[in-house]
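Hi everyone, thanks for having me.

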Amino acid sequence: MTEPNKLPHHDVPAHQPAAGGIAARARATAVPQFLAGLNPEQREAVETLDGPVLVLAGAGTGKTKVLTCRIAHILSMGRARPGEILSVTFTNKAAREMKLRLGQMLGQAVEGMPWLGTFHSIGGRILRTHAELVQLKSNFTVLDVDDQVRLLKQLLAADNIDDKRWPARMLAGLIDGWKNRGLTPSQVPPGEAAVFGNGRGGKLYALYQERLKILNAADFGDLLLENIRLFREHPDVLRQYQHRFKFILVDEYQDTNVAQYLWLRLLSQAPTRAGAPLSSLIPGATNSPVIPGRAEGTNPESGAREESSRDSGFAPGGAPRNDDAAPPSPLTAPKNICCVGDDDQSIYGWRGAEVDNILRFEHDFPGAKVIRLERNYRSTGHILAAASHLIAHNEGRLGKTLRTEDVDGEKVTVTGSWDSEEEARAIGEEIEQLQRDGHKLNDIAILVRASFQMREFEDRFVTLGLPYRVIGGPRFYERAEVRDALAYLRVINSPADDLAFERIVNVPKRGLGDATVQMLHDHARKRRMPLFEAARAVVDTDELKPKARGSLRGLIASFDRWRVQREVTSHTALAEIVLDESGYTEMWQKDRSADAAGRLENLKELVRSMEEFENLQGFLEHISLVMDRDGGAEDDAVSLMTLHSAKGLEFDNVFLPGWEEGLFPSQRTLDEQGRAGLEEERRLAHVGITRARRRAKLYFATNRRIHGTWSTTIPSRFLDELPAHNVEITESKGGSGWGGSGGYGPSRFDNVESFGSSYSTPGWQRAQANRARNQNGGRGGGQAGGGFNESQSPFSSTRADTSGSRSSGFAAKRGPMTIEGELIAKSTGTTSEFTLADRVFHQKFGYGNVVKIDGNKLTIAFEKAGEKKVVDSFVERV
């Protein structure tokens with residue numbers, strides 16, 4: 001008998017319960033609780049563990065639930081340990097949510113899942129482990145965009161390249177695009193490298209990468225690009241991770257770019273024998289350049305042209321491209337990889353995402369099982385039918401039809417308005433009605449195609465006293481370029497505005513740095529004078545260097561000139577003059593960054609917004625009210641965002657304005673990307689509609705002023721692609737539309753007897769009744785019949801009547817004047833005559849009590865409308 005310690009040593013094989021054995025049958029009787037709540041399609045996606053699986057998960061079908069349950073099922077079945085599962089998401093928020101759900105299902109097991117995270121976080125972890133193999137140290141620094149641009153500026157200066165003609169930020173965008181496509185400097189096609197610096201783009205890319213190695217640094221794109229290089233040049237490292245990861249799960253697969261695709265393809269193959277060429281695994285493993293594919297795109301929110309081109313490495317429509325360098329199909333069977341995504345929600349092509357990746361999944365992974373999740377748990381029947389019918393017009397899709405077991409609900413509504421201002425009024429009225437009906441503002445969203453559309457809604461909400469939040473970006477008047485322009489106007493209006501003057505004294509660059517500004521501050525404090533006057537005094541001394549003194553003297557002279565022009569020039573024309581003569585517009589025209597065009601458009605929109613006000617003072621007072629909004633994310637407020645920012649969110653009530661040709665679908669996208677661009681725009685429309693749980697309301701305007709130019713528009717082609725039996729045509733409630741002339745409902749001018757407003761809200765009715773009481777009380781001259789009486793018309797001017805023809809008691813004592821039922825604030829900047837706890841009446845919001853006073857701005861707790869902030873001229877004491 002052999003002693004135990006002398007038994008021959010052999011590796012003990014891993015054990016799996018035998019099929020049909022006692023352990024397997026006992027395990028089958030215990031159904032985990034997390035499987036009980038799954039529908040048949042979801043359960044199939046969770047339990048299909050072997051081989052490649054593509055889960056086509058439509059909007060609201062529970063894809064996150066499927067992913068988390070699949071991981072829990074793998075762990076509970078003992079198929080892998082937590083450290084043997086690679087689960088990749090696109091955002092840190094999604095990764096945190098998945099970890100939270102897994103923790104609730106499995107307890108502390110999720111703590112042992114180090115490979116659950118975003119592409120870049122996992123890529124960074126692998127890179128730090130093997131940093132020496134890519135000429136880095138494990139403590140390398142990841143550069144942010146500002147550091148990246150600063151480094152590129154140094155390289156441009158060293159190569160004698162004019163940074164104004166060839167901006168560093170433009171080169172940064174090109175390099176990022178190349179890295180997103182998995183291209184190293186030697187792989188960039190010569191034609192693409194020639195677009196920058198007179199053909200020196202490729203050389204600068206190589207110099208940039210060399211400099212990063214010297215600095216022991218990497219940028220965001222390197223976290224995946226260097227991973228790909230690591231795996232290609234060191235197959236033993238790749239095999240280590242291929243052995244480690246028994247299961248791979250990928251979320252939002254339709255949004256992957258080429259670099260992410262190549263990284264996944266390398267990891268998802270079964271381990272190869274030592275010495276096997278990597279070119280047998282994926283296209284592009286050789287050093288042959290990737291052939292350029294689609295044309296350069298645009299940023300759909302800013303309208304700015306993206307400088308980076310993209311290439312999937314494949315022909316349009318998902319078919320494999322017959323490149324000379326393309327190898328045959330993989331020689332080894334793929335591992336257990338599960339990709340979850342929705343080809344109908346691929347809306348980020350403008351930043352490198354390739355919908356082809358999901359369309360060719362079955363080609364990349366032969367024998368893959370495709371499971372469609374079509375049962376929607378979010379939206380009502382009419383909303384899903386409309387969205388499904390719309391997206392069915394796309395040719396480049398795998399195909400699925402969303403369905404629900406919920407009620408049909410309300411039909412999708414389509415409303416035409418005369419112009420964009422009426423559109424904003426109509427949506428504001430509908431939101432107020434929903435609020436009166438008991439709906440929370442947090443359950444209401446407005447989704448716009450382009451960010452410039454937000455400005456009219458923001459102004460409208462301030463007028464109505466409706467709280468709102470902008471998701472995915474700053475509010476219009478908080479954008480940097482808008483605040484800069486406002487600072488110039490504030491200094492013209494008030495030379496003592498030190499904060500505004502300090503903001504723009506060196507914008508654009510005038511050679512007036514921090515030392516100069518600090519000296520002006522010191523002088524102003526000693527002399528107890530505003531900063532502007534201190535600057536005027538300093539330029540007459542020798543305290544500044546000649547160049548700085550000349551720049552400052554020129555700036556002061558410009559402000560003096562603009563103040564003179566203010567007296568003889570309209571405030572809108574003055575704003576254009578200031579932006580041009582200051583060099584601010586030229587600064588953004590020369591900027592070649594991706595968002596420069598969008599910033600210029602916002603400046604045009606700012607000038608256009610000033611036309612609604614009588615003078616510069618009134619406009620700036622309005623801005624102070626717009627900016628003076630407080631409250632955290634937990635407050636009840638309407639959500640305002642672009643369609644791209646809305647992906648993954650859902651609301652009971654969704655308003656979708658701006659469905660017009662040229663705006664949606666975007667004309668720029670159609671011009672530059674053709675049919676592929678049209679299909680992505682249609683996918684964006686599909687995403688917008690499916691954000692709605694209960695109501696989806698679409699709007700279009702016959703006339704829209706885009707960046708200062710009025711255009712007559714036609715409804716979007718997407719409206720005609722909606723199913724008629726799921727859509728209801730409604731009349732605009734904006735109160736001033738010329739709908740009848742456009743065929744979108746009767747016009748208020750059809751009634752020749754009256755110029756009265758079409759408002760029908762309780763607040764407007766109270767305002768009209770109040771005016772009638774004032775007139776019957778003998779304090780104003782009436783006019784019989786329905787004739788036009790200027791003193792009582794909703795079109796009454798806010799200007800004083802210098803002729804004295806309306807010098808009646810009513811004219812002197814009347815309440816706030818109205819335009820189409822909107823109360824005009826007359827903020828004076830003085831202390832309010834109201835006190836805390838005063839009982840007041842507001843013509844729109846009714847009775848309430850003052851709970852907070854800030855100058856002439858009151859916060860009032862209304863009995864029915866809740867707490868709102870208004871200017872004291874809106875209310876009267878009772």
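So, is Cys339 buried or exposed? Cys339 is buried, at a relative accessible area of 0%; buried means under 20%, exposed over 50% and partly exposed in between, using a 1.4 Å probe on protein chains only. Before I go on: this is a predicted model, where local features need pLDDT of at least 70 and side-chain atom pairs count only at pLDDT 80 or more, while totals for chains, interfaces and linings use all residues. Residues are numbered from 1 along each chain as its sequence is written, and side-chain values use heavy atoms, leaving out hydrogens and water.

A disulfide here is two cysteine sulfurs within 2.5 Å, and searching the whole structure turns up 0 of them. Cys69 is another buried one, at 1% relative accessibility.

Zooming out, 53% of the 878 residues in the protein chain are buried. The chain has 32 helices and 23 strands, meaning DSSP runs numbered from the N terminus (H or I, at least four residues, for helices; E, at least two, for strands).

Last stop: Ala480, Glu481, Val482, Ala485 and Leu486 in H19 meet Arg599, Asn602, Leu603 and Leu606 in H26, where contact means heavy atoms within 4.5 Å. By class, that's 6 nonpolar, 1 polar and 2 charged residues, with Ala, Val, Leu, Ile, Met, Phe, Trp, Tyr, Cys and Pro as nonpolar, Asp, Glu, Lys and Arg as charged, and the others, Gly among them, as polar.
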